[in-house]
Number of protein chains: 2
Amino acid sequence: VDEFDIIRRYFMPAVTRRADVVAGIGDDAALLSVPAGHELVVCTDTLVSGVHFPRHTPAAAIGHKALAVNLSDLAAMGAQPAWATLALTLPDADPRWLEDFAHGLLALAQRFDVELVGGDTTRGPLTVTVTAQGLVRHGMALRRRGARVGDRVYVTGTLGDAGLALRLQERASAHLQARLDYPEPRIEAGQALCGFATAAIDISDGLLADLAHLLASDRLGAIVEIDALPRSAAFLEVHETPGAGAQPAYYELPLSAGDDYELCFTVPPAHSTAVEQRLEHAGCAATAIGEITDTPGIRCVRANGSGYTPVARGFLHFGEDQHG
Amino acid sequence: VDEFDIIRRYFMPAVTRRADVVAGIGDDAALLSVPAGHELVVCTDTLVSGVHFPRHTPAAAIGHKALAVNLSDLAAMGAQPAWATLALTLPDADPRWLEDFAHGLLALAQRFDVELVGGDTTRGPLTVTVTAQGLVRHGMALRRRGARVGDRVYVTGTLGDAGLALRLQERASAHLQARLDYPEPRIEAGQALCGFATAAIDISDGLLADLAHLLASDRLGAIVEIDALPRSAAFLEVHETPGAGAQPAYYELPLSAGDDYELCFTVPPAHSTAVEQRLEHAGCAATAIGEITDTPGIRCVRANGSGYTPVARGFLHFGEDQHG
């Protein structure tokens with residue numbers, strides 16, 4: 001099986017044929033039309049086996065997740081997804097694995113009208129890099145910077161599910177496992193926030209780590225109400241509301257576990273109601289979890305007003321856990 | 001050293017700041033402006049240590065080559081390079097290695113006015129994926145398809161140098177080694193061919209393999225005059241013009257070795273002189289090596305008119321050498 005056969009057999013048949021793709025897979029490069037009045041939004045993310053997903057992860061989940069983590073970045077910019085390229089490094093060309101992987105990736109691509117326009121397959125340790133491209137109306141993109149003192153801090157969906165699934169391994173419920181394996185990029189939510197949110201980021205490395213990036217762009221701080229963090233019913237089945245000091249995972253996982261791929265964003269108080277309505281219309285839950293302050297750093301507080309010092313800041317590559 | 005530090009320290013300081021980059025490294029995604037009247041050209045290529053380059057390859061060469069192989073794809077489309085993203089998977093974060101790698105990549109980027117607009121660094125076996133983006137005037141891109149019977153087949157530069165360097169290893173001359181480690185993307189040549197060449201492809205897997213892809217797009221064939229293949233002085237120092245039947249490497253390396261990253265393209269006879277002049281003006285040598293025929297397949301002939309059957313077709317991933 002050579003490179004061309006792999007691309008042809010597994011990735012060409014499916015997909016969306018977008019009208020703005022002048023040439024897709026099968027030439028030296030793809031040729032694409034960007035509509036007038038729009039900016040191009042580009043991001044790239046790599047998943048390495050054993051680092052970003054456990055080695056026994058189903059191929060369909062790897063395919064889904066490789067695209068989903070990139071669509072999540074597009075969502076954080078408020079972009080409409082359009083095209084993707086796939087760089088797939090494989091130890092061998094197992095047809096069954098490839099079929100499942102392609103199915104997982106292409107099913108998500110189809111849902112968001114993304115065309116796979118190019119790729120490269122190489123032999124080596126399992127590594128998947130997707131580069132995704134989207135479109136946003138000129139000047140309308142959400143950015144990491146832009147938050148202002150007094151803005152409310154929101155997150156979409158629920159936090160800590162993926163981290164809990166990783167921790168529980170084969171004891172994770174189906175819901176928790178699906179949250180880890182099949183993250184849902186918040187595309188509609190991101191678009192609904194354009195023109196209303198002042199700043200946004202997606203939560204890939206944990207709320208504290210990613211909120212810190214957002215805050216660092218403007219040298220701001222935030223208060224996070226850790227009892228208000230949204231937790232799923234599946235999460236609460238494992239970690240009930242704690243008494244004082246009990247169950248650190250109840251706080252730590254929503255604060256610091258990565259892989260949830262929810263959006264974290266800031267909204268001026270005057271826009272809160274409008275934003276909540278727009279997100280409800282987009283079918284996406286959102287929860288106010290805190291407020292932007294002018295004191296750099298993140299201060300975690302409990303409902304009773306007492307402070308909380310997180311144990312870990314979030315997922316860091318190459319290394320050392322840092323206290324935040 | 002975390003991911004943000006790596007990107008910030010090694011890849012942010014250098015570079016070109018292009019006016020069409022609204023947001024580069026440091027947000028969830030890059031924001032880019034595509035000028036009116038242009039199409040976007042996108043390609044992606046991965047280099048795996050031990051597969052696409054020997055393990056002892058200098059870091060600067062790996063950085064150069066990771067971008068160069070992508071710019072070569074843009075060249076084959078006649079595009080002007082604009083932006084790139086880098087997905088870098090590393091076993092560890094060795095500062096000296098990263099500095100050299102970044103230097104190799106960014107020096108080439110600067111020469112072609114390419115801005116690095118995003119990236120991802122992950123831990124794992126050394127793998128480098130670059131996605132490059134370029135621009136081409138609407139409808140002017142070179143494609144793989146479009147060749148017609150009677151068109152002349154050309155290649156830029158010289159063939160077989162990189163393959164010879166791989167074969168000679170530490171006995172390779174500096175010129176041959178540089179051809180393997182620092183391939184030169186034929187950007188100016190590709191642009192000079194727009195509107196004149198009928199089809200083009202870059203030679204990454206060997207002339208026979210890549211010409212076969214070009215021909216397959218239109219179900220055509222070609223005669224290749226194997227004594228006319230351009231060979232460098234450094235190549236000829238090792239493999240002199242052979243007598244009958246001697247030195248198969250004299251033919252095999254230019255026909256089948258990969259990694260030269262020259263362009264192969266087709267030109268109607270009426271445009272030959274114009275194309276040769278345009279390429280000379282672009283500072284790029286080009287050699288006519290054959291002709292398009294309507295009989296599918298590639299027929300190799302020697303200067304004395306006798307046929308030649310190549311031993312190998314070119315570099316195939318996952319696999320079996322196939323006779324072409």
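Contact here means heavy atoms within 4.5 Å. On that basis, 100% of the interface residues of chain B are also interface residues in chain A, so the copies meet through the same surface. The model is predicted.

**Chain arrangement**
- Two copies of a chain are related by a rotation about an axis and a shift along it.

**Sheet of chain A**
- An open sheet of seven strands has the order β8-β10-β7-β11-β9-β12-β13, with mixed pairing.
- β8 (199–203) and β13 (307–308) stand at the edges with a single partner strand each, so one side of each has no neighbour in the sheet.
- Helix α2 (residues 59–76) packs on the sheet, where it touches β8 and β10 (262–267), and its direction makes about 165° with that of β8(A).

**Strand pairings in chain A**
- Strands of a sheet pair through backbone hydrogen bonds, either parallel or antiparallel.
- Strands β9 (residues 221–225) and β12 (residues 297–301) run parallel and are joined by five bridges.
- Strands β7 (residues 152–156) and β11 (residues 286–293) run antiparallel, also with five bridges; A:V153 has A:G290 as its bridge partner in β11(A).
- β9(A) pairs with β11(A) in the antiparallel sense over four bridges.
- A:G221 has A:G297 as its bridge partner in β12(A), and A:T293 as its bridge partner in β11(A).

**Helix α3 of chain A**
- Helix α3 (residues 95–111) has 17 residues, which at 1.5 Å a residue should span 24 Å; the end C-alpha atoms are 24 Å apart, so the two values agree.
- The N-terminal end of α3(A) is capped by A:D94, with a side-chain oxygen 3.1 Å from the backbone nitrogen of A:R96.
- Buried residues of α3(A) include A:L98, A:F101, A:L105 and A:L108; A:A102, A:G104, A:L106 and A:A109 are buried as well.
- After α3(A) comes A:D113, with a positive phi near 60°.

**Loop residue A:S204**
- A:S204 lies in the loop between β8 and α7 (207–218) of chain A.
- The relative accessible area of A:S204 is 19%, and buried means under 20%, so A:S204 counts as buried.
- Beyond its neighbours within four places in sequence, A:S204 is in contact with A:D210, A:G258, A:D259 and A:Y261.

Terms used:
Residues are numbered from 1 along each chain as its sequence is written. Chains are lettered from A and ligands numbered from 1 in the order in which they are written. This is a predicted model: local features need pLDDT of at least 70, side-chain atom pairs count only at pLDDT 80 or more; totals for chains, interfaces and linings use all residues. Side-chain values use heavy atoms; hydrogens and water are left out. Helices (H or I, at least four residues) and strands (E, at least two) are DSSP runs, numbered from the N terminus. The expected span of a helix is 1.5 Å times one less than its number of residues. Buried means under 20% relative accessible area, exposed over 50%, partly exposed in between (1.4 Å probe, protein chains only). A polar contact is a pair of N or O atoms within 3.5 Å; within protein, one must be able to donate a hydrogen and the other to accept it, and residues adjacent in sequence count only if both atoms are side-chain atoms. Two strands pair if DSSP finds at least two bridges between them. Axes are lines fitted to C-alpha atoms, for helices over the stretch in contact, and angles run from 0 to 180 degrees between N-to-C directions.
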